[in-house]
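Hi there,

Here is the structure I promised to pass on to you. Please have a look at it first, and then read my notes below.

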Amino acid sequence: MTRRLTLLLFGILCVVQLTLCAHLIGRWEIILRDGASFTFAIQPVDPTDAFRGRYVAIRLEHDTLDIEQPVAPRTYQPGQTAYVVLATNDSGFARFDRLLLEAPGDGIPFLKIKVQQVDEDAGFLPKDILRADALAQRILTSTDPASAALRENLTHNERESITNGLAGDATSPALASTMASLLNRMLYEQHVADRLVGQAKAVNVYIERGRVRQALVKAYPDLLAPAPAARITITHPFTRYYMPESLAPKAEAAYREHSRSQRADRTTITVRVLRGDGLIDNLWIGAQPITEHLRSAGDATP
Amino acid sequence: MSRKHIRWLHDQLPVLVAQHVLSAEAAARVKAHYDSQKTSSARTIALTVFAILGGTLIAGGIILLVAHNWAQFGRPTRAALALALVLLGQAAAGFTLWRNKTSAAFREGTGLFAQLSFGAGFALIAQTYHLSDDFGSFILAWMLVTLPLVYLLRATGPALVYLAGVTCWAETVSSWINQGSPALWWLWLALLLPFAVTTMRRHPYHPRAILLMWGLAIAVCAGTIICLDSSWHNLWLVIFSGLFVSMYLAGSFWQGEGTTLWQRPLTVIGTAGATVMAFLMTFSDVWEDMGWHDRDVSWRSESWSVLHDLALAVIATVAAVVLMVTCRRRGQSVRLGLGILPVLTALGYILTTLSDGDLMTGACFIAANVYFLGFGLLTLIEGIRNQQLAGVNTGMLLLAALLVARFFNSDIGFVAKGIAFIVMGCGFLAANVVMTRRKGGRS
């Protein structure tokens with residue numbers, strides 16, 4: 001290869017590299033400037049990414065979509081590209097509203113995502129527990145066959161959690177989470193499954209999980225949401241918030257402290273969404289951005 | 001000339017002078033000539049290694065200094081710093097090319113610095129905007145965009161980083177969350193092959209070529225493991241038999257005159273791998289659990305991945321056969337016993353898959369043990385014949401491994417084991433008697 005050709009090719013390579021970097025920067029800056037703003041409620045954790053610095057791992061409170069109407073088999077496949085429309089609920093928090101196989105029209109905020117998991121025998125989420133306190137009371141005290149079967153299989157810790165939940169704030173999300181965990185465990189309990197489904201011989205709970213859930217919803221029609229046709233977990237772009245290495249664990253500690261105090265303000269992220277792309281704008285603890293919260297608490301670096 | 005040979009020559013020179021084969025002056029000139037070669041070679045290696053370390057450490061140090069003050073920078077400043085890092089790497093590589101530096105130290109050092117700088121800049125941009133793109137996309141983009149540096153600078157360091165990077169990508173993509181196509185790894189590997197072939201053709205025994213071959217051999221083994229779908233039970237035995245024997249034969253072809261094990265990476269890995277495969281096939285479990293009829297539908301089994309494994313098995317076996325024929329035609333000394341392993345494995349796999357009963361399974365099990373026994377014996381005999389201690393020890397080790405494995409095999413009855421061991425022992429003693437009589441006859 002001649003020297004001239006080498007230099008020419010190297011020049012092209014430099015242009016390609018710089019263009020790639022500039023394109024990424026420009027793309028995200030435009031989204032931050034022009035994108036629609038949404039606020040998601042979150043539950044952060046804190047692992048370490050060896051290649052890209054320390055970050056707070058973001059887990060949205062609701063990162064699944066329920067498909068209520070039955071769809072043709074294999075309509076949604078893991079790894080498939082799809083589009084999720086964003087909407088805002090009554091509390092002002094964003095949620096994933098519906099899943100589409102093609103991009104929606106102009107003016108509708110949406111994200112281009114990948115389907116991670118399609119669960120056609122979905123377990124219970126806290127949002128499926130319509131009245132956690134009433135459900136807890138029924139399980140602990142009622143003599144109906146379903147409640148008796150569940151009560152006999154409670155562990156000591158579960159009984160204590162439910163009792164404490166009822167004694168405290170019965171409307172808190174924590175009690176709904178406890179009941180959801182309990183019901184999910186019961187989906188795999190052979191003895192409970194036999195009695196709920198009403199079969200004389202043993203039911204293979206790993207196959208019959210959907211039927212066990214249906215039986216539970218039938219036993220508590222006013223307290224549990226009906227099972228969706230499919231529950232879809234999606235891969236979305238709001239999973240990491242990078243922070244200086246020393247601050248990431250402090251951010252998580254601050255979040256935990258904030259949660260224990262049970263303040264009305266939630267931990268949230270604000271995001272910007274534009275033409276299917278989205279990124280995190282800021283992480284908030286209550287009404288304060290995370291860095292300001294840590295600074296006011298005396299933990300941020302000057 | 002290798003250091004071992006230079007040392008041998010130094011030892012021989014006084015003897016040659018004493019026997020009047022060489023004059024004292026000639027011996028001194030010969031010694032001086034090879035001493036300067038040794039020094040020059042050592043100097044070149046030191047310069048290259050220091051350049052690689054220097055480039056890597058400078059890149060790392062700059063990143064750390066920037067990281068210390070990162071929290072104080074706004075988004076535009078961070079983006080500008082990331083771009084500056086990329087530009088710095090490009091400037092270093094550009095300087096080398098502009099000045100047409102032929103020194104390996106310059107090329108390796110600046111090549112690695114440019115490659116790492118781009119990766120760091122790219123990662124910093126992702127971090128600035130809290131991007132959640134998966135690790136696989138990041139590392140693939142980094143490797144592909146910096147691959148041209150390998151060709152432009154003719155640098156081995158960036159080539160090794162590229163091999164590691166695309167192999168990491170394959171591992172990431174093959175996880176259940178991604179459900180991607182790790183088989184594309186073969187395409188990424190193919191992009192580096194022209195560089196590898198050119199480097200080998202120029203100087204097959206140069207340290208950079210040898211290092212590249214080691215990296216390539218290890219990457220191919222790792223990449224094959226990652227890309228396998230494993231729907232066909234134990235088809236990997238056929239695949240790896242073909243792969244390792246192909247490596248062994250390719251090594252004999254290209255680097256057969258290397259004097260040390262370090263200079264023959266393909267031969268070393270190929271021989272070791274093929275021997276391990278042959279040993280694994282001496283276990284009955286392997287033959288009982290073969291074929292399509294015991295297929296598991298794995299979480300990522302799709303038609304392409306099933307075909308991928310089958311294609312790999314066919315290609316590896318055919319490649320081994322073609323290389324074997326080519327080596328024999330060119331009169332190269334290769335071990336036929338090792339060369340036929342892929343064909344025997346493929347044959348055994350087909351017969352076991354097609355048959356229903358235990359008869360074929362048992363026959364393949366016995367054949368595999370006979371093969372390994374013969375392989376060990378031939379290795380031992382060759383070592384004795386050539387008076388090579390390494391060969392003798394290797395042969396003994398292979399036979400010992402087989403004996404221990406079969407001794408503790410609870411599937412074979414005591415009587416059968418006892419008779420087989422006695423017969424083999426008698427065979428060794430008889431061979432001993434024959435060799436002793438022959439030696440006595442000659443003397």
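Trp142(B) is buried, with a relative accessibility of 8%. Please keep in mind that this is a predicted model. Its partner in an aromatic pair is Phe138(B), which is buried as well, at 5%. The two ring centres are 5.8 Å apart and the planes make an angle of 40 degrees, a tilted arrangement. Both residues belong to helix 5 of chain B (residues 135–153), and because they are four residues apart there, about one helical turn separates them. As you know, an α-helix has 3.6 residues a turn, so residues three or four places apart point the same way.

This pair is also part of a cluster: ring pairs link Phe138(B) and Trp142(B) with Phe118(B), Phe122(B) and Phe135(B). Over all chains, the count of aromatic pairs comes to 16.

Trp214(B) sits in helix 8 (residues 207–227) of chain B, whereas Trp262(B) is in the loop between helix 9 (235–255) and helix 10 (265–280), so the pair ties together parts 48 residues apart in sequence. Trp214(B) is buried at 17% relative accessibility, while Trp262(B), at 46%, is partly exposed.

Two arginines also sit over aromatic rings. Arg3(A) lies over the face of Trp98(B), 5.0 Å from the ring centre. In chain B, the charged end of Arg406(B) is placed over the ring of Phe283(B), at 4.8 Å from its centre.

Now to helix 4 of chain B. This helix has 25 residues and spans 36 Å from first to last C-alpha, close to the 36 Å expected at 1.5 Å a residue. Helix 4 is mostly covered, with 23 of its 25 residues buried. One residue to look at is Thr110(B), which lies in this helix (residues 104–128). Thr110(B) has a relative accessible area of 12% and therefore counts as buried, the cut-off being under 20%. Its side chain makes a polar contact of 3.0 Å with the side chain of Thr96(B). Leaving aside residues up to four places away in sequence, Thr110(B) touches Ala92(B), Ala93(B), Thr96(B) and Leu153(B). Just after helix 4, His130(B) adopts a positive phi of about 55 degrees.

Happy to talk any of this through.

Best wishes

Methods. Residues numbered from 1 in each chain as written. Chains lettered and ligands numbered in written order. Predicted model: local features only at pLDDT ≥ 70, side-chain atom pairs only at ≥ 80, totals over all residues. Heavy atoms only, no water. Helix = DSSP H or I, 4+ residues; strand = E, 2+ residues; numbered from the N terminus. Buried < 20%, exposed > 50% of the residue type's maximum accessible area, 1.4 Å probe, protein only. Polar contact = N/O pair within 3.5 Å; in protein donor to acceptor, adjacent residues only side chain to side chain. Contact = heavy atoms within 4.5 Å. Expected span 1.5 Å × (residues − 1). Phe/Tyr/Trp six-rings, centres within 6.5 Å; stacked < 30°, edge-to-face > 60°. Lys NZ or Arg CZ within 6 Å of the ring centre and 35° of its normal.
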